[in-house]
Amino acid sequence: MAIQEHVQCDLCGSCEYSVIWDKAIRYREGLISEEHRLIFDQASGEVLNARNVMCNKCGLVHINPRMSEAALHDWYKESYRATYGIDLRGEELHAQYALKYLAGKGILPGKGRYLDVGCSTGVLVEAIGKVGFSPYGIEQSEETAHIAQSKGLSVELGCVEEYKSAPFQLITILNTLEHMYSPRKVLDKLWTLLDDEGVLLIIVPDLCNNNIMITVDGFLSNAHLYTFDLYTIIQYARVTGYSIVCIDKQSEFNMSKFYIILRKGKVRDLLIDYHPDINQKRSLLLAADTIMSEQMKMLQYFKDTKVK
């Protein structure tokens, strides 16, 4: 696996950042284990994609350093599912959340061409194909792409940045943008794939997530190169030329997520410069960790005092 590389902020281009959370140090100190689905360099045993930092200019939380783009592509194609597995029930539930949301916004049922980016085994591709759309998908993992293709679905193995078929009246990218090497490049590409009257739905985890039921080590996945808050996800939409139709917060599996519906805009807004507060963002993560710790103490108390 390739050596990690340092990157500039994908949103604003700054190279100045502050460290929020470093799982490599926590692993070396015995505070977390391989059960947290860490990514290791096969040659050195080094934990990869482990340090979350915050851009000092725009506040974007991202992993730095990280695997190179080529190494990341190969890892997703060949090794991602070996590390994280395939959760078919989870995919069905995620699809149900998305279907309910799209129906509530009057987007489903509908007609036209539909693309799901990071479609995994094609659960949502198949479901939206049943409500009027001609469905397509693209997936980086060989294993899950082949499962989708075995169902007879029009799913392509590869990266969306190289996808050529267009336009689409509906595009979804659900729990996927945070995995991408450059969300900005992906959103630029989706802009070209989207019909002038089309709709793009993005679902991503929310950094400022005060009802999260897992620890910070669990939330800040080594596979999530980015963790968005409301400010940074809005800025991504602005600088890539979208108009925001709506942004909602929904809870999935006790995890807060942003649901964002976008359409093509007419201008690409300049990024508004501001000075983010790293202590505030770190405290939000630690607050979630405290909630989890207190719950575990309570569960242990009831277990220890259970009447026999």
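Student: So what is the mean pLDDT of the protein, and what share of its residues reach 70 or more?

Tutor: This is a predicted model, and its mean pLDDT is 85, with 84% of the residues reaching 70 or more. Over residues 288–308, however, the pLDDT is below 50, although this stretch does have twelve contacts in the model beyond near neighbours in sequence.

Student: Okay, on to the inside: which residues touch the most other members in the largest nonpolar core?

Tutor: Those are L177, L190 and L200, in a core that counts 48 residues. Among the elements that give two or more residues to this core are helix 2 (69–78), strand 9 (168–174), helix 7 (183–193) and strand 10 (194–205).

Student: And what is L177 in contact with, leaving aside its neighbours within four places in sequence?

Tutor: L177 is in contact with P183, V186, L187, I202, V204, F228 and I233. There is also a second, separate core of 19 residues, which includes A95, A98, I128 and I203.

Student: Switching to sheets, what order do the strands of the four-stranded open sheet take?

Tutor: The order is 1-4-5-11, and the pairing is antiparallel. Strand 1 (17–22) and strand 11 (226–227) each have a single partner strand, so they stand at the edges with one side left without a neighbour in the sheet.

Student: How many bridges join strand 1 to strand 4?

Tutor: Five bridges join strand 1 to strand 4, which spans residues 51–55 and runs antiparallel to strand 1; within strand 4, N52 is the residue that stands opposite W21.

Technical notes. Residues are numbered from 1 along each chain as its sequence is written. This is a predicted model: local features need pLDDT of at least 70, side-chain atom pairs count only at pLDDT 80 or more; totals for chains, interfaces and linings use all residues. Side-chain values use heavy atoms; hydrogens and water are left out. pLDDT is the predictor's confidence in each residue, from 0 to 100. Contact means heavy atoms within 4.5 Å. A nonpolar core is a set of buried Ala, Val, Leu, Ile, Met, Phe, Trp, Tyr and Cys residues joined through side-chain atoms within 4.5 Å. Buried means under 20% relative accessible area, exposed over 50%, partly exposed in between (1.4 Å probe, protein chains only). Two strands pair if DSSP finds at least two bridges between them.
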